[in-house]
Amino acid sequence: MPHTAGGQLPDPRRVVTGPLDLAARVDEALAVQAVAFGLTDEEIGVRRHIVLRHMTSPGARALGATTEEGRLVGFVYGMPNDRSQWWSTVVEPYLRQQGREGWLDDAFVITELHVHPAFQRRGIGRELITRLTDSAAEPRSLLSALDLDSPARALYRSLGYHDLARRVQFPSAAQPYAVMGAWLPLVRGTSG
């Protein structure tokens with residue numbers, strides 16, 4: 001449903017964001033991620049188990065963006081960082097090399113943020129990430145994003161995230177990532 005009958009983009013004002021039972025709607029969320037991020041069926045299968053495991057972590061929370069009809073068109077989830085988790089162990093040497101490994105402490109990690117392409121660039125991703133981090137007890141937030149200029153990186157920068165480490169190579173990832181950090185609350189504004 002990328003366009004309405006009249007050829008217009010869907011109206012983002014008709015999208016509601018709120019708490020999401022991500023474990024119950026994991027397949028819908030991964031379908032959004034697959035379209036937004038270009039995942040294969042095999043990658044979706046691997047990520048399904050990861051998402052379900054993450055949602056059992058202490059403090060893990062998710063928000064979703066749904067249409068009036070209840071269709072999930074975007075989601076975000078995250079959790080307080082735990083240095084023993086896989087992501088943290090991969091990025092720690094890169095942060096240490098930059099003298100920034102302290103960012104791994106007292107941080108809320110945005111694990112995934114995806115919006116269906118038909119609903120992108122309409123403020124939905126911004127609302128999802130700011131609402132999720134607004135409820136964080138931690139003073140700062142971390143995330144990783146593909147290390148290239150993209151609308152996602154522009155959004156993160158507009159919210160106050162800055163590069164902490166670049167050229168981070170995750171096992172089995174074809175492209176390098178950047179680890180970005182921001183003090184909370186995130187910067188408010190209308191750009192990005």
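Please note that the model is predicted, with local features requiring pLDDT of at least 70 and side-chain atom pairs counting only at pLDDT 80 or more, whereas totals for chains, interfaces and linings use all residues. Residues are numbered from 1 along each chain as its sequence is written, and side-chain values use heavy atoms, with hydrogens and water left out.

A salt bridge here is a side-chain nitrogen of Lys or Arg within 4 Å of a carboxyl oxygen of Asp or Glu. Across the whole structure, the search finds 14 salt bridges.

I begin with helix 3, residues 86-97; helices (H or I, at least four residues) and strands (E, at least two) are DSSP runs, numbered from the N terminus. Glu92 and Arg96 form a salt bridge with an N to O distance of 2.6 Å. These two residues are 4 apart in the helix, so about one helical turn separates them. Glu92 is buried, at 17% relative accessible area, while Arg96 is partly exposed, at 46%. Buried means under 20% relative accessible area, exposed over 50%, and partly exposed in between, using a 1.4 Å probe and protein chains only.

I turn next to Asp163. Its closest N and O contact with Arg153 is 2.6 Å, a salt bridge. Because Arg153 lies in helix 5 (residues 151-158) and Asp163 in strand 6 (residues 162-168), the pair ties together parts 10 residues apart in sequence. Arg153 is buried at 0%, and Asp163 is partly exposed at 22%.

Asp163 also meets Arg157 in a salt bridge, at 3.9 Å from N to O; Arg157 is partly exposed, at 39%. Finally, a network of salt bridges links Asp147, Asp149, Arg153, Arg157, Asp163 and Arg166.
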